[in-house]
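Here are my notes for you to read alongside the model. Keep the viewer open as you go through them.

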Amino acid sequence: MTRSVQQPITKDVTSPQELVVVDDLHVRFPVSQGVVHAVRGVSFTIGRGETVALVGESGSGKSTTGFALIRRYTPAEGTISFEGRDITGVKGRELRRLRSDMQLVFQDPYASLNPRMRVRDLVAEPLLVHGRAKPGPALDAEVGDLLEMCGLPRDAAQRHPNAFSGGERQRIAIARALALRPKLLVADEVVSALDVSIKAQIINLLVELQRTHGLAYLFISHDLAVVRNVAHRVMIMYAGRIVETGPTGSIFTAPRHPYSVALLSAAPVADPVAERARERVVLTGDVPSVLDPPAGCPFHSRCPLVVDRCRVEAPPLADRGDGHLTACWRADEVAALPAAHTLDRAPEGHP
Amino acid sequence: MSVIDQVGTEPAAPAPPGRPAAKRGHPFGRYVLRRLGSGVLVIVLVAVTVFVVTRVASDPARTLAGPEATQEQYEAVRASLGLDQPLLTQFVDYVRDLAALDFGISYWQNVPVSGLIATFLPNTVLLVVVAILFAVLAGIPLGIAAALRPGSNADQATAAFALLGLSLPQFWLGAMLILLFAVTLGWLPTSGQGGIEHIILPAITLGLPSMGRIAQITRTTMIDELASQHILVARAKGLGGGYVVFRHALRNVMVPVTTIISFETVYALAGYSVIVETVFAWPGVGALAIQAIQRQDLTLVQGIVFVIAVVVVLWNLLTDLVYRAIDPRIELR
Amino acid sequence: MTATESPVATTAVPRRPATGWWRSLRQDRMAFGGAVILGVLAVLAIFGPLLEPDDPNATDLFARYAPPVFAGGTWEHVLGADGLGRDVLSRVVAGAQMTLFIGVSVVIISGVVGVALGLLAGYHGGWVDTVIMRVADAQLAFPGLLLVLLVVAFVGPSVGVIIGVLSLYGWMIHARLVRSMVLQLRQTPAVQSAELVGCPLPRILVRHLLPNLYAPLLAQAILELARVVLAEASLSYLGLGLQPPHASWGLMIAENQGAVRQAWWPIVFPGVALALTVLAVNLVANWLRVQTDPQQRERRFARRLFRTLPAAGLSTTSTVRVGGKNLLEVEDLDVRFHTMTGEVDAVRHASFSIAPGETVAIVGESGSGKSTTGLALMDLIGPPGRVEHARMTWRGEPLTAERLRTLRGNEIGMVFQDPMTSLNPLVPIGRQVAEVLVKHKGMPMKDALDRAAELFAMVGIPSPRERLRQLPHELSGGLRQRVLIAAALAPEPALLIADEPTTALDATIQAQILDLVTDLQERLGVALLLITHDLGVVARISDRVIVMYGGRIVEEAGTFDLFARPRHRYTEALLRAVPRLEDHRGRLPTIPGYPPGRRDVLPGCAFAPRCAHATETCRTDVPETTTDALGRFACWHPREEQ
């Protein structure tokens, strides 16, 4: 059964649909050589029960954005609103209360679970810490429910994380993150470290949980194939800025930013016929250093379509209609590139 | 095969290197200044500590005067030591003298302290240098040899030897060595300074524990290094075993080992030399310090401790610079 | 409402019982001896007064310098008597008491203070950290023992002062260790997760930080004990430690050293006691350090085991197909890992060949054995792994271990996964390429460096000449990987083995590197063995594909054939379960369960537990390999073409 084409979510800020509103977010870190501008003016929304994917390579600022959203980092500029409340500067007890609304799941299932605690303690910890439950049979039952919800047997509670494989551990991490029934889950590369045949399991789990509990996801990933199968909307980041955003289908079948085209070109397709027939854009050069961001468009140093204007003036995110925004002076020409249309043909000959 | 779309009017600019190269010049000078600054801080702290210990926390006048002294005699001694002045005045005088490198007169020997230190310090330095040389020249090869055959009998023997070396109390070891080589066998002199034969036993006694520790660290670091990814890559390149060990692994091992060598030198200089010099009656500042302490000779003690502190600080600074030369990745902070 | 599939239970192999600490201690005889000595010491210290044969302070002028019983003395003084006629044995026992009391006190005090300050500095950071560390650094730079002597001498050598001063000297070491560990742990996702969940600071310290700290702390504390024992003895020796009539080993030696020619026993026995104590402590500390490092334990265990096993490795007996046209032929490769919890067959009966110039991909997930196969081809498997058995030919000639050694890095090159750790951080990158040419082509270094610059240009490194002197940390991941490719291709090999060469790189860089590799391959006529889990990369560049699962080769075919007409059920399921870039589906097809871990050995087909078509036969009998025009596969119920 195929899902219908993704519906665009309205951008109306006052709409009760919006769970998260991020406006002009800037995150900076001082380092010994200067200041790293990890995130430079990022704005987006996440609706209830919606999956928004944040895509980019290293140095794009996607993980930093996710961490800033759950207030692990403090923004240097900009605002973050959750359910209409401004949470940009909250501290102390208010911040702790926020934790029960937003949680994060990490990339490495081998490093994110304390090996000296039992699974039961790991999953119960959020509940104990926030005073939602006391040790006892009720808590154990709740832990069991959470484990089952994530596809694990109830008796897994007695064991230590070391007894489980990567995919199982990620399920434990998800159960732990869901204990407080948050409204938003930030998934930071949660399937990147898993085997190919396991990724699908976890993706299905996340989609199922979203359907049942109305969870919203900020899905951070570099893996475009995974993103295509999970997200309603996609945001592509480069050097701390969003360069393109829109409904998933539109982004994949009709990208309008040279970087998006290059990124899609770079992702190999598991079909030798299609893969070898594709038109591709291959970039030269390296991902940029965010220590000293150049003026103008963040992408101009590697862009195959660069012109003088790009070096001087940073293009704004402009709406091309149907909720698809692009930050490029030559977006229309990009849309005409053959490499931008290799993914809208039906694949042939799969079993 | 892929078709590369290159639509554009200009070729892409050459990519900048991923990370900026380590800067030199100006930040380096600042780094040296900063290290000197903290060194000065240390010396100041040492001076203050010595002051507090010798004048505030104890009463040397009582000891010098003796238990049977009358109140008058005691007061006289106090006055002669300058201890009857208010504390602040004492401290100011003390600091002023130190800054001028005027250490005063030794009560015990009745000669200027600086002169005594100038006579005895070189002997200590000589002893420490020889001892550390021995420790390094013996310890590093032992550590490497053990790391190349971990778990073997040779490795276990080396480990045992190193362990023994750093477990034996130096005063006892010294006494045993004297017993064996000087008294029983008569090959070497029992004490004092003179030709080469006089320095052998003291240097071995002083250096043996350091040798043990250096061997241990070398071994552990080398084993870890040989298991690292870049050594695997070096082997995958078909490079020979000896080349891999000595031209690749050793370079990385020397970084932590240098730190240890530096530590050992400081320990030897500012600590263990005291014991070894006493056992072998070696005329260095360590033995001098002990005797000064036993006689509560304020000025001599102050002087020795201060000078040693300065030497240690300078040595640490030197080591930091060498360290940075070996491993340019270290950030100048 | 429950979601998705539950994990499938896999049959566990009978393992060796896990080696507990007690058992491990017994196996290490030296450490065990040390522990015994420490035990004896503790007993002496606690029950001392009951065990002393004589009053340690009782002088007896008639027994001055009485020799020990085995040197002509009496049983009244088993180890002899000292200058004042006091029984040496009793004084040694009494000395144990004081020594241990002081030692343990100092370790506890400095430990508690050091750990507390280290936790504070490491976790709080900021000015607290700066202040504490500055103080610690300053103190470390103090002229150590000298100051201790100073303090004790001037303030008075009471037991309290001794303990106080020695504690003051020990806390920085604990603080530094704890601080650096806390800083490290704070970066780990586990601790970050605890913070994000909302755990308050005390809980984080106690439940998340401390349990991971106690092992190295213990080792450190034990070493401290050794240091304190020696320090106290030295102080007493110099007359600045414990004063008479307290019994201290150091004091005993000092008191009697003048008469050493006359009576050796009053200084030898306390010295031996001292040496044994410190030695024992060091032995136990060493053992503890290895104990808490599981990797070292495994290697040590494996090395010991290998010495007892019969010889293994490449065999040159009865090689099949000698004189074939293939570049490399591998037959019956078996690699086994001998771990403390059991034997693991990482690769089982793998056979395949590579023709000149072709690109072969080995595809598999974790536990498939693909990376191990690559390493085995280069004879780079180390403890706890071992090539149990293999037959290989190179250009038609049987391959011996010695011949393989000459091929390595020369006619067969290898590129690894992680460019960040694959280069020596302290050697200029130009050298790291040039040394290959020096070794294999006998070029002088200067010429080799020139050639290295050319190679840099060939692999697309900008400003090649200037880069020769750079160190790896000055380059990005993509550039480092290019350097590694240059080093592998420098001697113009016939075969390049690439183990996940682009997995650690960004997507756009990955595309560049793949294009580079295929381009160079065409130009230089190099055969490529690509080891990867990424089916897209396989689809893009390979001619033939070998699929591995659970250590065995389960299918092999030409690329187009494999993707269009897979035969093995795993291949079929894998192709369906891969998330697709080019379309999206409602609910993704999955393979239930998980790939077998290294420890799971199953009779029959390794894929049976997860296979929808498995029968009893599949679970009991290892499938035989069927070969046909398209390739080969090992499946009892392969996918049929309609």
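1. Ground rules. This is a predicted model, where local features need pLDDT of at least 70 and side-chain atom pairs count only at pLDDT 80 or more, while totals for chains, interfaces and linings use all residues. Residues are numbered from 1 along each chain as its sequence is written, chains are lettered from A and ligands numbered from 1 in the order in which they are written, and side-chain values use heavy atoms, with hydrogens and water left out.

2. Chain B at a glance. You'll find 12 helices and one strand in chain B; helices are DSSP runs of H or I with at least four residues, strands are runs of E with at least two, and both are numbered from the N terminus. Along the sequence, the pattern is β-α-α-α-α-α-α-α-α-α-α-α-α.

3. Burial. Chain B has 333 residues, and 48% of them count as buried, meaning under 20% relative accessible area with a 1.4 Å probe, protein chains only.

4. The cores. A nonpolar core is a set of buried Ala, Val, Leu, Ile, Met, Phe, Trp, Tyr and Cys residues joined through side-chain atoms within 4.5 Å. The largest one has 152 residues, and F171(B), M222(B), I304(B), L149(C) and L240(C) touch the most other members. Helix α10 (residues 241-280) of chain B gives the most to this core, with 17 residues. A second, separate core has 85 residues, including I203(A) and A262(A).

5. A helix pair. In chain B, look at helix α5 (residues 113-148) and helix α11 (residues 285-294): they pack at about 130°, with axes 7 Å apart. Axes here are lines fitted to C-alpha atoms over the stretch in contact, and angles run from 0 to 180 degrees between N-to-C directions. α5(B) and α11(B) are therefore oblique to each other, the class left once under 35 degrees is roughly parallel, over 145 roughly antiparallel and 65 to 115 roughly perpendicular. Among the residues making the contact are F120(B) of α5(B) and L288(B) of α11(B), where contact means heavy atoms within 4.5 Å.

6. A residue in chain C. Is D87(C) buried or exposed? At 1% relative accessibility, D87(C) counts as buried. D87(C) sits in the loop between α2 (29-51) and α3 (88-124) of chain C. Leaving out residues up to four places away in sequence, D87(C) touches P53(C), D54(C), E76(C), H77(C), V78(C) and G80(C).

Note on methods:
Buried < 20%, exposed > 50% of the residue type's maximum accessible area, 1.4 Å probe, protein only.
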